[in-house]
Amino acid sequence: MTSASIKLASVTKTFDGKVVAVDDVTLEIGAGEFFSLLGPSGCGKTTSLRMIAGFEHPDAGRIHVGGRDITDLPVHHRDMGMVFQSYALFPHRTVAENVAFGLRMRAVSKPEIERRVAAALAQVALTGFEGRRPSQLSGGQQQRVALARAIVIEPRVLLCDEPLGALDRKLRQQMQFELKELQRRLGVTLVFVTHDQEEALAMSDRIAVMSGGRVEQVGTPTEIYERPRTRFVADFIGEINLLDEGARPRALRPEKIRLVPPAGARLAGTVETANFLGGATLYRVNAGGRTYLAREAHSGERSPRAAGDAVGLAWNDADVVSLES
Amino acid sequence: MISRRRALQAGAGLAAAATFGAPAILHAETRTLKITTWGGKWGAIMKDTILPMFEKEHSCQVSADQAFPFLPKLQASPKNDPLYDVFHSNSNEQWSAVEQGLVMDKITVKEVPNVADVYPWAVSDKIVGVAIFTSAIGLGYRTDKGIAAPKSWKDLADPKLAGARGGYLIPVNSLGQCHLMMLGKVYGKGLQDLDAAYKALEQLKPIKLVDFTGQMEKMLLSGEVIEGVIHDSGVYRYEGANRQPVDFCSPSEGVMALEQVLNVTPGSKVKELAFAYIDFMLRPEVQKLLAEGVWYSPANKKVKLDAKYDAKLLTTPEKVATLIQPDWKWYNARKDDIDARVTKILKG
Amino acid sequence: MSAVANRKPFDAGRAAYLALNLLLLAFLLVPIAIILVFALNPTPYISFPPVGVSLRWFVKFFEGDDFMRALWLSLWIAACVLVLSIVIGGACALALARGNLPGRAFLTAFFMSPLMLPAILTGLALFQAYLLAGIGRPVWGLIMAHTLVAVPYVLRTTLAVLHNFDRRIEEAAAVLGASPARVFFEVTLPLIRPGVFAGGVFAFIVSFDQFPVSLFLVVPKGETLPVVLFNYMKFDLDGAIAAASMVSILLALAVVVVLERLIGLKAYVKL
C-alpha cells in the first residue's frame, strides 16, 4: 500500500460567516505517519479532518495530498479511507456488502472484490461475519467493519474521527493497539482526531494540539508532554505545577518533584492529601501558601507518607519548562 | 361540457368568420346540456329511458350531475358560464338560488309551451321556475304495531309513540322544515306561527331524528320508527313484491308540498335546449313514466295514470286542493334563527 | 410436602390496563363489525338481530355499473396519488431537511397546510380555480387535488426518518468513492424508503377514502366511490352501501399488507 503526505497551508474555515472553526492552520504530515489532531471540543480538529476528507471546503488556504493540490477535488475522487465515531455503517447492507462498497464504486471485478473483502475482514479478525447485519454486531465489531471498509480500497490516507470514542475503556485500549498495529502493517498515512490526550500520546508518531481553531504545538508525544510550549498545552496534557505566572510562566510535571526530608529541601511543606493511584501516589503538598502536586512512583514498597506529614520538595532546574504566555 | 376555453375558441371562430365571410362552422360540435338530477330509482329511469330519448330527439348530449351538493357547485361556478343549464332541486333551494341570481324567476308558456297544461301549484307564487312533480308530505306509519291509523298531524304527539316517532334534523332537511311550518298551522295561527310550532315541537320529544328521507324509510321498515313525517312516495314505493307493513296518511289538516322544480340558469349557453328539456319533462308520457316509477304526483293535468297510481297520487283538482305550499322565501329569510332555536329545543 | 406455588395477587392496575385496551379495540372494531352485519343481512335496513346471511348486497355492488366504474376510478386515482405523493413528498422532505433553504420552518408549515385547512374548502377552492382557469374538471385535476392533501402525509413520515438520519452514513459512502447521485440511490433512498412508503400507504388511503375534496371536483359519470356511495345513500339506504364499505376496507387492507410485504414497513420502526 502506498501512502501520501498531507499538507495544509494557511487553511481557514468559518461557519455561518462568523464562527471561525479553523484559523490559518498550517500542518505537514509525513507519508506513513500516525498523526493526531488533539484538543478539546470546538478546537477545530474535526473541521480540519473534514476539510482533508473534502466534506468542508476551506475559505482560504490550500490542501495538498501526495504533493497534489486537492482543495477543489470532490470527496468521491479523493481516494481516502475514513472511520467515524458513529461507525456510519450502511444499516441496510451486510458486513460483506459494507466492506465491498468502495470496491464496487471503483468497478472492481466480482472475484477480486470477494478476495479483497475476505482479506480485509481477516485483517480485522472478522472472518465469518460476512452475512451479518451491522445491527447484529457489538460496537467493537462494528468499528472493525468500518475499519475494514476503509482499508479495503487501499487508501493512501486513512482519516479517523474519534473512532474509539464510543467504546468502553477496556475495549478502547485493545482497539488502540490493533489500530496502531494495522497502521504500521499497512504503512498508510493516518490522521487521527481525538480529545483524549492519553490516546493521542499512546498511539501517535506526532501530535498537533489545537485550541480555538489554531495549532498550539506540533511534536512527538514526548516533546508535547515533556516540553509543552504554551500554557494551554501544558495544562491540557496531564497535570502540571505552574511555578510562577506572568509574562514567562514556568511549569513542572508532578513526577519531576521529589519528596525529601524537610531539612535542606527547596521548599518545606505539609502533605494535604495522598491519593493512591496503583502504580504511584499523587500528593498534594502545601508549601509556602501554595499547593504543589507531586507524583511518586512506587519502587518496592508503598511510600509511608500520609496527610499531615511534614515533607520537603525538591526538583532539578532542567526539568522546569518555560512557557509562552 | 362546454369549457370556457371552448367557448373562447367558438368566439374566436365567430370573429374569424365575420372577418373573412367564410361559412360559419359553429354547429359542428354536438351541443351538451348540463343538468342536475336525482339518483336512486328516479336516476335509473332518467339514465335508461328519458335522457336517451331527449338526446335522440334533440341531437345533443346530456351531462347529468347526480352528485350533491348542486347549489354550492352552481354558486361557485362563474355566472356567465354556469356549471348547469338546468337546475333541478326542491323548491326551497330554488328560492335561495333565485335570490343570488343563479336561476330565472319564472318559467312561462312563452319559453315552455307545456306550462299551459300544469296545475296552478306548479307555477304559483310559491314557486321559482316551474314545478314538474310534487310529493305530499304527511305521516307514514306501521300497520302492524297496534296503533290506529293517524288522521291528524296531532296524532304524532300521541304519548304511546314516545321514542318511536320520527322527524328530521330541521336545519338540513326540507321535510323537517315543512313539518315545523305545519305545526304552526295545526297548533297555532298558521304556517308562520313559529312560537306555536316551537311549543308543539317540544311536545314531540322524545323523537328519532334523521337527515335524509331515505333514512326515515328504513327506520319505518325496520320498525325503529312507528310513525313519522315522510312523503307519500317514500311509502308507496314499497308495494307489490316489496310490500311492507307500512302505509301513508294524508292528515285532515292537509299535506305539505314537496315540489320537484326545474329552472334555467341565466348564463346558460344553450338556453333553447334547456327550455326544450323542461318542456320535454312536462310532456304527459314522460310525466307518466316518472310518476309511476317513483310515485310522484305529476304537474301536468293531462297525465292519465294507471288506476293504482291514480288512486293514491294527487291527480284531480279536489285532491290537489289538499296541497299546502310553504313560503320558502319567508322561511329562508328566518332560517338561521329557526335553526338555532330548533337545535336548542331538540338537543335536550 | 411439596412447596406451595405462589399465587399471584390480583393486580387491579393490570386488569384496568387490559380492560382499557379491550375497550379501545372494541371502539375501533365494533363499527366494522356492524357494517359487516349490515352487509350480510338480506333486509334493506339495519335490523338486529340479523335475519339471515346473504350476499345479495355484494352482488348488487359488484353488478352495479356505477359502483364498478367508481371503484376502478377510485383505485386508479389512488394509485396515481400514491406515486405522485411519494415523488413530490419525498423530494420536498429531502429539500426541507437537506436543502439549507431559507425560511425552512415556514416552508414546512406551508406544505403541511393542506392538513390544517378543512378539506371541503380545499375542494371548493380548487373547483373555482379550475373553472376560472378554464380547464374544467379533468381526472388529472382530481388527482392533483388528492395529491395536494396526500403529500403532507409522505412529507411527515419522510421528515421523521430524515430527522433521525445519520448523515455520516452518506459521508462514508462519498468518501468511499460514491458520486452524489450514487450516494442518493445506494444509501439515502434505501434508508428513507420505509418512511416514504409508510407515507405512501397513508396517501393511498387518503385518496381512496377521499370525500370532501372530491365532492366539488368530480364530473357526471366520473364520480369516485365515496361520492357515489354518499349520493346513493340519499336515495337508497340499503346493504349495498355496507357491502361497498366492506370491499373498500378490504382493499385498503390489501394495499397495506402488500406494501408491507414488498417494502417491509416494519423496518421503519427499527430505523
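Visitor: Where do C:R69 and C:D66 lie in chain C?

Guide: In this predicted model, C:R69 and C:D66 both sit in helix 3 (residues 65-98) of chain C, three residues apart, about one turn of the helix.

Visitor: Why is the contact between C:R69 and C:D66 called a salt bridge?

Guide: The cut-off is 4 Å between a side-chain nitrogen of Lys or Arg and a carboxyl oxygen of Asp or Glu. The N to O distance for C:R69 and C:D66 is 3.2 Å, so the pair counts as a salt bridge.

Visitor: What makes C:R69 and C:D66 partly exposed?

Guide: Partly exposed lies between under 20% (buried) and over 50% (exposed). C:R69 has a relative accessibility of 35% and C:D66 has 27%, so both are partly exposed.

Visitor: Why is the pair A:E239 and A:R295 said to tie together parts of chain A?

Guide: The side chains of A:E239 and A:R295 meet in a salt bridge at 3.7 Å, N to O. A:E239 is in the loop between helix 8 (231-236) and strand 11 (241-244), and A:R295 is in strand 16 (residues 290-297), so the bridge joins parts that are 56 residues apart in sequence.

Visitor: Are A:K45 and A:E162 buried or exposed?

Guide: Both are buried, which means each has under 20% relative accessible area. Their side chains form a salt bridge at 3.7 Å, N to O. A:K45 belongs to helix 1 (residues 45-53) of chain A, while A:E162 is in the loop between strand 7 (157-161) and helix 5 (169-186), 117 residues apart.

Visitor: How many salt bridges are there over all chains?

Guide: The count is 42.

Definitions and conventions
Residues numbered from 1 in each chain as written. Chains lettered and ligands numbered in written order. Predicted model: local features only at pLDDT ≥ 70, side-chain atom pairs only at ≥ 80, totals over all residues. Heavy atoms only, no water. Helix = DSSP H or I, 4+ residues; strand = E, 2+ residues; numbered from the N terminus. Buried < 20%, exposed > 50% of the residue type's maximum accessible area, 1.4 Å probe, protein only.
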